[in-house]
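Welcome! Please take a moment to look over the sequence and the 3D structure, and then walk through them with this report.

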Amino acid sequence: MGKLVIALSKETGAKVPDLLKSYGRHLFGRFLAGYPQFFAGMSDSFSFLKTIDEVVHIEVRKLYPDAELPSFETVEAGPAHLQMTYRSPRCLGDFAEGLMEGCFAHFGENVSLTRVDEAAGRVVRFDLRRH
Ligand code: HEM
């Protein structure tokens with residue numbers, strides 16, 4: 001994916017982080033269409049995001065033992081405030097951000113996202129506040 005995105009960036013002049021975010025936003029829609037079982041009974045983005053590490057990616061691992069998955073740690077900092085820490089040697093925080101944005105759009109929510117990158121992008125601390 002990295003090679004494809006870098007080639008596309010050279011071709012179009014679009015920045016790599018922007019392409020990764022767009023791809024994440026698009027892919028979220030494909031997840032909804034392809035894996036509706038993960039969204040059954042989910043009424044808001046934070047409820048879904050909390051299931052990625054302990055449900056969604058666990059099921060992914062069963063189907064694709066070689067999948068290269070990140071870890072996510074979530075903390076409910078308040079009723080409308082979720083802190084989510086991404087960890088992966090692949091440094092795809094921009095892709096994760098796009099997926100999260102796709103998720104907020106799907107649930108029709110207005111969520112402000114701020115992030116702090118650490119360890120050269122291997123750790124990204126997302127701070128999500130729903131308005
Ligand atoms: C908003 C929700 C989600 C987020 C933020 C998220 C985040 C990510 C990220 C950032 C990666 C890239 C690998 C890395 O960074 O180490 C990844 C990998 C992956 N995710 Fe998710 N994910 C989400 C939901 C899902 C769902 C719903 C599915 C499937 C139904 C899924 C399936 C996968 C698979 C198969 C890979 C591994 C790809 C490979 O090994 O080539 N994810 N995820």
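Helices α1 and α2 cross in a right-handed way; a crossing is right-handed if the near helix is turned clockwise from the far one by less than a right angle, and left-handed if anticlockwise. The contact is made by Val5, Ile6, Leu8 and Ser9 on the α1 side and by Val16, Leu19 and Leu20 on the α2 side. Two residues are in contact if their C-beta atoms, placed from the backbone, lie within 7 Å. By class, this contact of α1 with α2 has 6 nonpolar residues, 1 polar residue and no charged ones. Here Ala, Val, Leu, Ile, Met, Phe, Trp, Tyr, Cys and Pro count as nonpolar, Asp, Glu, Lys and Arg as charged, and the others, Gly among them, as polar.

Helix α1 covers residues 2-12 and helix α2 covers residues 16-34; their axes come within 9 Å and cross at roughly 120 degrees. That angle makes α1 oblique to α2. Angles under 35 degrees count as roughly parallel, over 145 as roughly antiparallel, 65 to 115 as roughly perpendicular, and the rest as oblique. The axes are lines fitted to C-alpha atoms, for helices over the stretch in contact, with angles running from 0 to 180 degrees between N-to-C directions.

## How to read the model

This is a predicted model, in which local features need pLDDT of at least 70, side-chain atom pairs count only at pLDDT 80 or more, and totals for chains, interfaces and linings use all residues. Residues are numbered from 1 along each chain as its sequence is written. The helices (H or I, at least four residues) and strands (E, at least two) are DSSP runs, numbered from the N terminus.

## Between α1 and α2

Alanine 14 sits in the loop between α1 and α2. It is partly exposed, with 13 other C-beta atoms within 10 Å. A residue is buried if 20 or more other C-beta atoms lie within 10 Å of its own, exposed if 12 or fewer, and partly exposed in between, with C-beta atoms placed from the backbone.

Leaving aside neighbours within four places in sequence, alanine 14 touches Ser9 and Leu19. Glycine 78 is 64 residues from alanine 14 along the chain, and their C-alpha atoms are separated by 36 Å.

## Where α2 meets α5

The axes of α2 and α5 come within 7 Å and cross at roughly 45 degrees. That makes α2 oblique to α5. This crossing is right-handed. Among the residues making the contact are Pro17, Leu20, Lys21 and Gly24 of α2 and Asp94, Ala96, Glu97 and Cys103 of α5. The residues of this contact divide into 10 nonpolar, 6 polar and 5 charged.

Aspartate 94 belongs to helix α5. Is aspartate 94 buried or exposed? It is buried, because 23 other C-beta atoms lie within 10 Å. Beyond its neighbours within four places in sequence, aspartate 94 is in contact with Pro17, Leu20 and Lys21.

## The largest nonpolar core

Which residues touch the most other members of the largest nonpolar core? Of its 19 residues, they are Leu49, Met84, Tyr86, Ala96 and Met100. A nonpolar core is a set of buried Ala, Val, Leu, Ile, Met, Phe, Trp, Tyr and Cys residues joined through C-beta atoms within 7 Å.

The elements giving two or more residues to this core are α3 (45-49), β2 (81-87), α5 (93-106) and β4 (123-130). Helix α5 supplies the largest share, 6 residues. Setting aside neighbours within four places in sequence, alanine 96 contacts Gly24, Pro70, Tyr86 and Val124.

## Strands and loops

Threonine 114 is part of strand β3 (residues 111-118). Threonine 114 is exposed, with 9 other C-beta atoms within 10 Å. Threonine 114 and glutamate 97 are 17 residues apart in sequence and 9.7 Å apart in space, C-alpha to C-alpha.

In the loop between β3 and β4 you will find alanine 119 and alanine 120. Phi of alanine 119 is near 50 degrees, a positive value in a residue other than glycine. For alanine 120, phi is near 55 degrees, also positive in a residue other than glycine. Alanine 119 is exposed, with 10 other C-beta atoms within 10 Å, and alanine 120 counts as exposed with 7 C-beta neighbours inside 10 Å.
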